[in-house]
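Open your viewer, switch to a cartoon view and keep the selection tool at hand. We will go from stop to stop, and at each one you will hear what to select next and what is there.

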Amino acid sequence: VDMRSICFSEMEVLHRGEWWRFVTTFLFMGDQMFSIFYWMQIYHFWECLKMLELVKYHWEPSGFIKMIVSCAMLLIGLKQLRREAIFLSAPLVTTFMYMYSREYQAQPINFMGFFQIRCGWLPWMQMLQDLLQTGDAVPSMLGLIAGHIYYYCEEVAPRLLMPHKLPSLAEFLQTGSAQVAKPASEEEKESSETDSHTDGEDSSEDSGDDQVEAEEEEQSTSPAPQ
């Protein structure tokens, strides 16, 4: 098979209508079949997709298909940052690894059969592996970006408490001025409470002194016992 007939090319898609390139660009995993890195990539691709399908998307098969299609379209858009990337299978594997690592980031896994790492480090180890294998980590970086965008839009953004309607400029300035004036009023209130408390203590001390003086005068004026 001629690689030029299945790689992704914007010119071939737009001018010749070769729409199958949107699919075939994700199917070619490389021609180094005797390399251990090639089979490690196949293994990560299979395991990550299997766990996501059986666990996370077990009751939502449509969500599983949406995740694959959305990540693929994100990679096609991000490909414009790296025009020479004509095959997007390696970035797609990194995207699936990122989704898997975010779902089970605290789980220890065995990497390449030599040492254990936390699952959250898996896509970064894949990037290091691609750097050692090909000398280029940009495709893996594109996969990380696509995975992070999809994870944020699908998992993080729906949980954020966002306002349904953005305030107008006048409302925003009014709210800001009210918040600035509020601490000043609170300080004045605290100072007035402190002053009133101090005045109360002084008045109580004065009344206590007057009472003591009155008792002393009463004792001095009373007749001595015979």
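Two residues are in contact when they have heavy atoms within 4.5 Å of each other. Helices (H or I, at least four residues) and strands (E, at least two) are DSSP runs, numbered from the N terminus. This is a predicted model, in which local features need pLDDT of at least 70, side-chain atom pairs count only at pLDDT 80 or more, and totals for chains, interfaces and linings use all residues. Residues are numbered from 1 along each chain as its sequence is written, and side-chain values use heavy atoms, with hydrogens and water left out.

**The whole chain**

Start with everything selected. You have 8 helices and 2 strands in view, and from the N terminus on they run α-α-α-α-α-β-β-α-α-α. Of the 226 residues, 30% are buried; buried means under 20% relative accessible area, exposed over 50%, and partly exposed in between (1.4 Å probe, protein chains only).

**Stop one: the N-terminal helices**

Select Glu-10, in helix H1 (residues 10–16). Glu-10 is partly exposed, with a relative accessible area of 21%. Leaving out neighbours within four places in sequence, the contacts of Glu-10 are Lys-79, Gln-80 and Arg-83.

Now pick Arg-21, in helix H2 (residues 21–24). Is Arg-21 buried or exposed? Arg-21 is buried, at a relative accessible area of 4%. Beyond four places in sequence, Arg-21 touches several residues, including Arg-4, Phe-8 and Glu-12.

**Stop two: helix H3**

Select residues 36–56, which form helix H3. The expected span of a helix is 1.5 Å times one less than its number of residues.

Next, colour Tyr-38, Met-40, Gln-41, His-44, Cys-48, Leu-49 and Leu-52, which are buried in H3. Look down the axis of H3: its buried residues fall within an arc of 165 degrees (taken from the directions from the helix axis to the C-beta atoms), so they line one face of the helix. Ile-36, Trp-46 and Leu-54, on the other side of H3, are exposed.

What do the buried residues of H3 pack against? Their partners are helix H4 (61–78), helix H5 (89–103), strand E1 (108–111) and helix H6 (122–134).

Show H4 with H5. The two pack at an angle of about 130 degrees, with axes 10 Å apart; axes are lines fitted to C-alpha atoms, for helices over the stretch in contact, and angles run from 0 to 180 degrees between N-to-C directions. H4 and H5 are therefore oblique to each other; angles under 35 degrees count as roughly parallel, over 145 as roughly antiparallel, 65 to 115 as roughly perpendicular and the rest as oblique. Among the residues making the contact are Met-67 and Leu-75 of H4, with Pro-91 and Phe-96 of H5.

H5 and H6 pack at about 155 degrees, their axes 8 Å apart, which makes H5 roughly antiparallel to H6. Here Thr-94, Met-97, Tyr-98, Tyr-100 and Ser-101 in H5 meet Leu-122, Pro-123, Gln-126 and Asp-130 in H6.

**Last stop: Phe-111**

Finish by selecting Phe-111, in strand E1. Phe-111 is buried, with a relative accessible area of 3%. Not counting residues up to four places away in sequence, Phe-111 touches His-44, Ile-117, Leu-122, Met-125 and Gln-129.
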